[in-house]
Amino acid sequence: MACSSDSPSPEEGRQKEEDVSYESSAKYNLNIVYFVPTDISERNEWHRRLSEILLHGQSFILKHMNEYGFGNMTVNMFVDKTLGRVKITKISGEHATSYYPYEGGGVKMIEEIESYFNSHPSERNSDHTLVLIPVKNPDPDKRDIPYYGYGRYCFALDYDDMDIAYLKDEDERGQKATTYIGGLLHELGHALNLPHNKQTVSDDNNPNKGTALMGSGNYTYGKYPTYLTKASCAILNNCQVVSDSESIVFYQGASLEVEGIQSRYEGGDLVVSGSIETNTPVSHVNFYNDPATDNADYDAVSWCVEVINNAFEVRMPVNDLFLKGNTPYVLRQRFLHENGEISTFSYAYEFIDNELFIEFGDKDYLDRSQWAVIDFSSEEQNEKAAYVLDGDKQTFWHSRWSTNVASYPHYLSIDMGQIQSLNGFTFVQRDGMRKVKDIEIFISSDSQTWESKGNFVLKNINTAHHVVLEEACSCRYFKVVAKSAFDQEQFAAMAEIMCF
Ligand code: ZN
């Protein structure tokens, strides 16, 4: 690979590179790469403009970390404070811009950047890398180059007029400055482990907060109130290039079990509490309330609470959600480990005519020790129907797929050993593919004549969720008929079935 010097070249004779002295007291610092394809050159005053933008972003993060009480923390970089310059590693790409398209171009750049870091190990200062790519004109070019987060890498563009000085301008140049500077910092957020999220209604109306950077703040940054949510800051708090911990070994994995989870609607709040067991300490837990009416997560309204003695409780005023009416929600719960790892669980609730229906939380389950699966449509050798009763969420029933592939509908019939009174059923889907969507439940007292208790739609989540019957019923046998899958394939899987 053709590589230039390890540091930016002097600009306009203003400053010789040897006079620049970059410093950081942190152990880990963000890698910042200016990746120049062969058919384009560095943009005008790139180093000054990008340095100013990055320092602006650094202060933005610092301000919000302080406000939430995380302390004087922000993304660490090598900076020459006197000159106001940030250390940026310029790497000359081996190919022209068209070789690195939006789709797949990021991976190609990562290959070259990793190879450069391997031959220049002092340029790799952490696991987090921001890549900036020069373009002549951002509008047609944005779709032509990588512009997204990818693991702990992110990609954004640089063009001549991307300048902090234009941020507040009303003209087109000013609008674009907001979009692309906000866009750069939004993508940087992804490289620092941040998922999308949206402000609460209260924060939206708060002039000190406004729009979340990791929602649509890339369209408001520097122009209208824009902020980082507490959920985002809590993730940054454990991020390698923000935490500045000397002792933590980052990103070495973590396992976590939610031992108990309770949910209720109380005083206008959705209250979720519970306890965990983990091998790696957890500082906070974030909750992302994502309307399940689309595939986007930009609109997931977030909350963050501390985890104390492995227990948590969050109160989320439903008036702080933008969408109620008739809206199904996925509630994503992210536990933030001190080593930067994140353990994620998902739950479901729903608004029907503005009324909240919570479909998760521990129930008084019937004892299953005398239960048996007495009939099933098909099963796999190592993914047996009986596994839905074994109390282990890791093992699951799977319809036959290795030979004589079985198609929908699939079913399981269960004998509870004696007549039981039932209020509803609880399902834990397989934590992976083949989640069942539409089901019908039948009950019977003799396993010969079956009565339908209705059709239900399960949730595309990886935790226990409930089907509540309109009224309690008595039976000894029940049958679950699976009619379709979320992935629209012919297979069905299920980890656990319980009754309450
Ligand atoms: Zn994004």
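Modeller: The discussion below takes the domains, their interface, the salt bridges and some backbone details in turn. Please keep in mind that this is a predicted model.

Colleague: Into which domains is the chain divided?

Modeller: The assignment gives domain 1 (3-237), domain 2 (256-358) and domain 3 (372-499). The centres of domain 2 and domain 3, taken over C-alpha atoms, are separated by 26 Å. In the contact between these two, domain 2 takes part with 8 residues and domain 3 with 5 residues.

Colleague: How is the size of an interface given?

Modeller: It is often expressed as the accessible area that is lost when the parts come together. Here, domain 2 and domain 3 bury about 550 Å² between them, and 48% of this lies on carbon and sulfur atoms. Of the area that domain 2 buries against domain 3, 56% is supplied by Ser346, Tyr347 and Ala348, more than by any other three residues.

Colleague: Which polar links cross the interface of domain 2 and domain 3?

Modeller: The rule finds 1 salt bridge across this interface, and the count of residue pairs in polar contact between the two domains is 2. On the side of domain 2 that touches domain 3, strand S16 (residues 342-352) contributes the largest share, with 6 residues. That side divides into 4 nonpolar, 2 polar and 2 charged residues.

Colleague: How many salt bridges does the structure hold?

Modeller: There are 27 salt bridges in the structure. One of them joins the side chains of Asp139 and Lys176, at 2.8 Å from N to O. This pair links distant parts of the chain, with Asp139 in helix H3 (residues 138-141) and Lys176 in helix H4, 37 residues apart. Asp139 is partly exposed, since its relative accessible area is 30%.

Colleague: With which residue does Arg476 meet in a salt bridge?

Modeller: The side chain of Arg476 meets that of Asp415, at 2.8 Å from N to O. Arg476 lies in strand S23 and Asp415 in strand S20, so the pair ties together parts that are 61 residues apart in sequence. Arg476 is partly exposed, with a relative accessible area of 27%, whereas Asp415 is buried, at 12%.

Colleague: What does Lys459 form with Glu359?

Modeller: Lys459 forms a salt bridge with Glu359, the closest N and O atoms being 3.5 Å apart. Lys459 also meets Glu350 in a salt bridge, at 3.5 Å from N to O. Is Lys459 buried or exposed? Lys459 counts as buried because its relative accessibility is 18%, which is under the limit of 20%. Glu359 counts as buried too, at 16%.

Colleague: Which residues are linked in a network of salt bridges?

Modeller: The network is made up of Arg264, Glu266, Asp269, Glu313 and Arg315.

Colleague: Where should I look for backbone details?

Modeller: Asn193 has a positive phi of about 85° although it is not a glycine, and its place is in the loop between H4 and helix H5 (201-204). With 16% relative accessibility, Asn193 counts as buried. The other example is a cis peptide bond between Tyr408 and Pro409, with omega about 0°. Pro409 lies in the loop between strand S19 (397-398) and strand S20 (410-428).

Definitions and conventions:
Residues are numbered from 1 along each chain as its sequence is written. This is a predicted model: local features need pLDDT of at least 70, side-chain atom pairs count only at pLDDT 80 or more; totals for chains, interfaces and linings use all residues. Side-chain values use heavy atoms; hydrogens and water are left out. Domain bounds come from an automatic or database domain assignment. Contact means heavy atoms within 4.5 Å. Buried area is the accessible area (1.4 Å probe) that two parts lose on being put together, summed over both. A salt bridge is a side-chain nitrogen of Lys or Arg within 4 Å of a carboxyl oxygen of Asp or Glu. A polar contact is a pair of N or O atoms within 3.5 Å; within protein, one must be able to donate a hydrogen and the other to accept it, and residues adjacent in sequence count only if both atoms are side-chain atoms. Helices (H or I, at least four residues) and strands (E, at least two) are DSSP runs, numbered from the N terminus. Ala, Val, Leu, Ile, Met, Phe, Trp, Tyr, Cys and Pro count as nonpolar, Asp, Glu, Lys and Arg as charged, and the others, Gly among them, as polar. Buried means under 20% relative accessible area, exposed over 50%, partly exposed in between (1.4 Å probe, protein chains only).
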